[in-house]
Amino acid sequence: MTPLDPAYVKVLRVRGVLSWLLLLALAIVGVVASGPGLAALPGALTALILSGAVLTLVLPQRRYRAWAFDFGEDELHVSRGVMTQVHTIVPFRRVQHLDVAQGPIERRYGLAQLVLHTAGTHGAIVTLPGLDLAAATAMRDAIRGHIREEAS
Amino acid sequence: MSEEPGRRLHPATLVTGFLGALPQTILAIPGVLAFGRDFNLSRILYLAAGIAALTALLSLLRWLRFTYRLGEDALLIESGVLGRRRRVIPFDRIQDVSLEAGPLHRLLGVVRVKVETGGGGGDEGVLDSLGRGEAQRIRAVVRGGGEEQVEAQDTLPLFHMTLRRVLLFGLYNFSLVYLAAIAGLGRFFDDLGPGARAWLERKFDESALAGTDFADGAIVAATIVVVLLLGVVAGVVRTLLREYRFTLKESAGGLVRSRGLLTLSQAAVPLRRVQLGVIDTGWIRERRRWWGLSAQTVSAEGGKAGNQVLAPFAREHELAPLLAILKLPPPSPSGFTAVPKRGLARSGVHLAAVALLVAGPALVEPRLWFALLVWPALLGFAALQRRRHRWRLDGGHLFVRRGLLTRLTYIVPLAKIQTVTLSRAPLQRWLGLATLIVDTAGASAIGGPHLRNLGLEDARALATVLSDGAAGRG
């Protein structure tokens with residue numbers, strides 16, 4: 001199995017910071033709404049620092065390490081998930097259409113995700129994030145070539 | 001084919017449209033009346049006549065403004081009284097043309113033509129109503145465009161249900177869902193007012209049982225019996241309405257099914273669209289050796305899920321030829337492997353959470369101690385389910401069995417598998433288990449030929465074999 005591009009950790013970290021900021025905003029709203037309760041302040045601060053450390057330092061690393069893929073001759077293996085580990089196998093000939101997508105954070109680090117759509121229900125959309133843009137495009141073209149070959 | 005002019009629906013549509021819209025408009029009468037103060041009969045009659053006239057005018061306008069046309073390669077429908085809508089349905093996108101006729105339609109000799117494309121949203125192209133000849137013409141033209149359309153032929157049916165069979169099936173279709181509906185009806189009788197209730201109570205007082213503990217027990221017992229009986233009757237009636245004269249015929253590209261008592265429905269199942277077969281039975285039905293067969297189908301664009309019943313209630317020897325047509329092997333009961341027992345440990349942990357929620361009050365109120373029995377009961381159920389969750393790999397097919405009360409057997413051709421997913425939650429990792437999710441085209445979001453809590457080694461080996469089949473390597 002191949003790991004994702006190491007830059008993907010940074011993407012996950014930025015996302016962690018964003019969710020932490022959201023948490024912070026909620027906490028501030030909560031404090032303002034409930035009035036000045038200085039007694040709870042040390043606890044709240046500790047919680048914020050702890051959650052910040054988990055969201056930006058611990059989780060991104062673990063999430064990154066949970067991802068792996070194997071670009072086979074006629075199928076793609078994708079495994080992911082920290083708690084529940086999920087391993088999906090997508091045969092190329094089952095792919096209906098495919099995208100290379102880039103979010104704003106990913107674009108900043110030159111990364112992209114490959115999205116495979118099949119005709120199924122449960123695993124109909126298989127996403128492989130954290131790829132170098134050139135690699136993602138190459139993989140897309142390889143799968144497209146495979147489908148074309150199959151069709152002819 | 002030359003471009004033909006737009007056609008109107010059958011004039012009988014005026015009648016069906018009018019009568020169809022009437023119930024809704026009548027419901028509006030009380031609302032309108034609420035504005036006035038005096039409720040004399042003539043006023044109500046005038047109002048009703050006015051509303052009826054308005055409804056009639058509307059259905060006339062709708063009929064005048066609705067035209068359809070069979071173009072070169074598409075069906076064109078123009079509709080809308082005020083806003084116009086022009087819909088184009090290309091022939092090669094049409095999955096099926098089904099004909100339906102409700103009681104009123106049959107009286108007037110017309111049918112409702114439904115053009116299904118497999119896209120989202122139910123009413124993609126409904127022509128309600130057309131004469132029988134015109135409906136057949138549209139069907140023929142549309143089917144000329146597709147390569148795999150199915151036409152009913154006057155052949156001997158592959159499967160047919162006699163009235164006796166349908167009624168028997170109805171007995172098995174007794175369901176608690178109807179009981180809920182009936183309970184609602186019971187409240188309606190309560191609402192009839194104190195008069196009805198008092199009459200019942202007086203009748204009861206006259207009997208010798210009145211005033212004893214036995215009387216209360218008798219009322220409860222009688223109620224239970226009545227409700228159960230009503231449940232049975234409701235099941236039979238529902239089944240009769242749906243499955244009456246169930247007939248399955250073979251045709252050029254597949255199978256054609258027709259059924260229904262008041263509303264006759266006809267549907268085609270193109271064989272090329274069939275993904276897998278499901279044999280269903282129940283815990284009593286299996287003992288009495290009754291089975292049902294349905295096929296999971298997919299539309300042209302690969303979007304719409306569909307489970308087509310091919311034989312709802314049949315004997316094994318009746319299913320065999322149907323399975324042969326679907327090119328599916330019969331699932332002989334031997335050779336199945338059950339998922340390992342240690343999966344029960346996981347179910348136990350999950351169910352404990354459920355049981356705690358249910359039995360929570362028992363911790364506070366000692367008299368509710370029996371609620372604590374929920375956990376062993378659920379676990380016992382899970383144990384029985386585990387024993388029935390079995391699988392078999394046979395040549396090019398995966399067989400998966402599941403269910404205790406409703407028992408399903410999936411027959412999945414490996415070549416029809418879309419993706420294979422192995423999922424391991426923390427507890428599963430600890431117990432050396434995995435869930436294997438076998439995705440197929442047209443599968444519904446719930447259920448499917450998945451294997452829960454399979455041994456990890458088996459799961460890995462199976463995933464390899466299944467993905468080989470899906471990729472066409474096997």
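**Exercise 1. State how many salt bridges link chain B and chain A, and describe one of them.**

Solution. The count between chain B and chain A is two salt bridges. A salt bridge here is a side-chain nitrogen of Lys or Arg within 4 Å of a carboxyl oxygen of Asp or Glu. One pairs the side chains of Arg473(B) and Glu75(A), at 2.9 Å from N to O.

The structure is a predicted model, in which local features need pLDDT of at least 70, side-chain atom pairs count only at pLDDT 80 or more, and totals for chains, interfaces and linings use all residues. Residues are numbered from 1 along each chain as its sequence is written, chains are lettered from A and ligands numbered from 1 in the order in which they are written, and side-chain values use heavy atoms, with hydrogens and water left out.

**Exercise 2. Describe the extent of the contact between chain B and chain A.**

Solution. Start with the residues: chain B contributes 32 and chain A contributes 22, where contact means heavy atoms within 4.5 Å. Next, take the buried area (the accessible area, with a 1.4 Å probe, that two parts lose on being put together, summed over both). This is about 2,000 Å² between the two chains, and carbon and sulfur atoms give 44% of that. Of the area that chain B buries against chain A, Gln418(B), Thr419(B) and Asp439(B) supply 23%, more than any other three residues.

**Exercise 3. Find which elements of chain B give two or more residues to the side that touches chain A.**

Solution. Helices (H or I, at least four residues) and strands (E, at least two) are DSSP runs, numbered from the N terminus. The elements in question are β18 (417–424), α13 (426–431), β19 (433–440) and α14 (456–471) of chain B. β18(B) gives the most, with eight residues.

**Exercise 4. Identify how β18(B) pairs with a strand of chain A.**

Solution. Two strands pair if DSSP finds at least two bridges between them. Strand β3 (residues 85–91) of chain A runs antiparallel to β18(B), and five bridges join them. Within this pairing, Ile89(A) has Val420(B) as its bridge partner.

**Exercise 5. Trace the strand pairing around β8(B).**

Solution. First, β7 (residues 159–160) of chain B pairs with β8 (residues 247–250) of chain B in the antiparallel sense over two bridges; here Phe159(B) stands opposite Leu248(B). Then β8(B) pairs with β9 (residues 254–259) of chain B, also antiparallel, over four bridges, with Lys249(B) opposite Val256(B). Finally, β8(B) and β9(B) form a hairpin with three residues between them.
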